[in-house]
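Student: I have a structure to go through and some questions about how two of its chains meet. Can we take them in turn?

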Amino acid sequence: MKELTLDDLRSLMRLSAGEDESIDLDGDIIDTTFKDLAYDSLAVLEMASRLERDWGVIVPDEVAATLETPRAVLDYVNERAAVN
Amino acid sequence: MTTAPVITGIGVIAPTGLGAEAHWSATLSGTRAIDTIRRFESGYYPVRVAGEARNFVATGNVPGRLIPQTDHWTHMALVATDMALADAGVDPSALPEYEMGVVTASSAGGVEFGQREIQELWSKGPRHVGAYQSIAWFYAATTGQISIRYGMRGPCGVVVAEQAGALESLAQARRVLEDGARLVVSGGTEAPFSPYGLTCQISNGLMSTQGDPALAYRPFDTGANGYVAGEGGAILIVEDAASARARGAEKVYGVIAGHAATFDPAPATGRPPALRRAVELALAEAGLAPGDVDVVFADAAGTPELDRAEAEVIAAVFGAHGVPVTAPKTMTGRLYAGGPSLDVATALLAMRDSVLPPTVGVAELVPDYEIDLVRDEPRPCRVRSALIIARGYGGFNAALVLRAPNSTATGGDR
Amino acid sequence: MNRRRVALTGIGVVAPGGTGRKAFWELLTAGRTATRTISMFDAGAFRSRIAAECDFDPAVEGLSAREIRRMDRAAQFAVVSTREALADSGLDPSDLEPMRTGVTLGSAVGCTMSLEEEYVVVSDSGRGWLVDSSYGVPHLYGHLVPSSLAAEVAWASGAEGQVTLISTGCTSGLDAVGYGARLIAEGSADVVLAGATDAPISPITVACFDAIKATSPRNDDPAHASRPFDRERNGFVLGEGAAVFVLEDLERARRREAHVYCEIAGYATRGNAYHMTGLKPDGREMAEAIRVALDQARLNPDAVGYINAHGSGTKQNDRHETAAFKRSLGEHAYRTPVSSIKSMVGHSLGAIGAIEVAASALAIEHGTVPPTANLETPDPECDLDYVPHVAREQPVDVVLSVGSGFGGFQTAMVLTAPGLEVA
């Protein structure tokens, strides 16, 4: 399975929650929290659900709450992908 | 006693144009905005024409975050609300949060969004249904999003009575003002076009299957053969007159002077339909005699039976050819919950400019319909009061009376 | 403006655990739960596979074959409830002046079940974006436009006055009763059939709550899944049903010597303007709705004898609501019994607000507070008297019933014992 890159994640985030006019998703966001990116609970759930659908990675409820930044998501998904 | 509610801001998203002025000038020029459906491949359907608001794009007009989590219907309402608030010169952040309410009408909810998610469910499985289905599809989505976006924490509501619902939203706005609010975002929009949405509409048997846009929707014509649907609507800012004055509102388009709603009995009862009663009650509440009314915006269902019923009620209440009647919706199609609020917007502009917008496409009025239909060309006319009629599928009737702000009549205070 | 007083003189209920107000009240006072593994469709692939379903046979309940074909399940619930309410009120159809009779019916998701079933047919199970309209059934448009539900109630009652469907998500039921009461108070109608209905136990609704993890996944123990105010609560349990009432001008009800269950004495709704699904923990806007509803009823907070809570059993709701009660009632909140019947009949979205009005009216009638089932260990942040497990016999003169819903709607209603005189 191919690796999830930050750019993949960016496009997935755009699909999940659109783009807030005040936030530049193309900027240096890898360690910015989703909260600071103005992601509410529904946006995070939508992103987790798209990861599952499009990348086949199931993110359990209790884990989803701990993935607070794009880096955490990339690490989690790519570790799981490596095992599969 | 509260002072009569006034309308101080208009936002329009319609097939005829974006914004009240674009819609108004297209309407006065008699520009038909009905065409072959382009939102999806429609050639395959028995109904192929509609009034689409093609110039409307969400991107750049709706906050980016709201686009994926709301349906097209809500997108249009959000932009129309922006327009209406700007038109009224209202800054919501400067008004008391509990004194601003939101009451919109919906008819079919988030049709396109809902079809997309239900398709995901049935073709791929439950895990493919997205997180926003729970907040985008249901009928309350638009009111909720408007309330959140503008920080309006007063009474919020959603009414559904098919085409009659938009007038009901204004009546409910009036009640909210009576209870102490100063401003209500009211009216409605509708976006009924997805393949499944259209399929549901076709089943009512009242739509025109004529594929030529010029011939498809001809209410009161000898060739009337059904209605054409449209998308869009209008959002209206309704304020307590004294509050509007106090904040220095620059424009008052008109006064909501009377409203009534009735319901037709089941056919088997043999009792008469109730539209006439709605019209009479609304006039009585406005304190107006039929002779005081300068124009009637007709429901114009477009089927012979329903057209006849409406023409007979108008002639019975106002006398044969007793009042100018118009149906500018012949240019947009019927917008369901968005339709009558657009008619209200159009009537207010007619009041402002002393000109009646035309009905298009009626070549041969049914000879025994005793109505003075304004056809093809606008008609100069001082408008001190206007009656808007709306009927909703299944027997809903509603009538709303608007009065010009400078009119000397006192109806509307209650 | 001089407002008329509004009496509730007839009750009709279809709820999980039994059809009719009698079966409903027996279930509540016994503290029984009606939640089970979903039987209405194969929910094996879903996160939450449990619901509070109605054992409802429309033919047994007196609907004709033609009515059953035409009506969505939600419409069937509403019509059966309407007939029960009219019979209970003792109103003869000839007593009703059609033009002075209205309908205000609430529903959150309308005819979703039929819309989904018919979608599957015309799309051949979701094969593509374009669907085959030639397979559309004649009543499909009525399913698309939920005002058809209010129309059915109008036909069932002969109403020819104002008829409207109210759709404010999960507060639809309370809002519809509030709306109906307003029509009587202002003089637009003398009698209103008011209530709400929803039949949301279908794949698309279950899936949409799965997606946001709002419903309980306690699939191995359905009976104990709906646990409002309990530390172990993990979401609401979907339900279905309807309640419809006869509301009438109090003077009119007294003239005809009708049995009056209670008066609708106050009603208010506010928006939280915060988030479509999220709630701030402070309960501020719900508290404001409660304050205004009590004010309208001309009652002090101390007068409240029972709070019929929204109590959905989600983490955030039960805390939000507890905070709202403390904020609006002050110390009196700690002295007032609070319970959530959703612990027993689940959360039927728009219908539940009306079903809770039925429970509130019956609490006044019978002098009994229904319990909160499944409350084993309260959440430390939920520290009021939630009447765990067992119904409590005590006179109830004033009930506060509240609701909270997606879209930010916060609604409060005050019901008072008939003839309760206040300054």
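Predicted model: local features only at pLDDT ≥ 70, side-chain atom pairs only at ≥ 80, totals over all residues.

Student: Which way do β6(B) and strand β6 of chain C run, and how many bridges join them?

Tutor: The strand of chain C covers residues 163-166. It runs antiparallel to β6(B). The number of bridges joining them is two.

Student: How much area do chain B and chain C bury between them?

Tutor: The size of an interface is often given as the accessible area lost when the parts come together. Here 64% of the buried area is on carbon and sulfur atoms. The total for chain B and chain C is about 6500 Å².

Student: Which residues of chain B lose the most area to chain C?

Tutor: Three residues stand out, together making up 11% of what that side buries. They are B:Trp122, B:Tyr196 and B:Phe263.

Student: What is the N to O distance in the salt bridge of B:Glu178 and C:Arg182?

Tutor: The rule finds seven salt bridges across the interface of chain B and chain C. A pair counts when the side-chain nitrogen lies within 4 Å of the carboxyl oxygen. The side chains of B:Glu178 and C:Arg182 meet at 2.9 Å.

Student: How many residue pairs are in polar contact between chain B and chain C?

Tutor: Both residues of a pair must be at pLDDT 80 or more. The count is 28.

Student: Which element gives the most residues to the side of chain B that touches chain C?

Tutor: Elements giving two or more residues include α6 (165-178), β9 (254-263) and α3 (111-124) of chain B. The top contribution is 10 residues, and it comes from α3(B).

Conventions
Residues numbered from 1 in each chain as written. Chains lettered and ligands numbered in written order. Heavy atoms only, no water. Buried area = accessible area lost by both parts, 1.4 Å probe. Polar contact = N/O pair within 3.5 Å; in protein donor to acceptor, adjacent residues only side chain to side chain. Helix = DSSP H or I, 4+ residues; strand = E, 2+ residues; numbered from the N terminus. Pairing = 2+ DSSP bridges.
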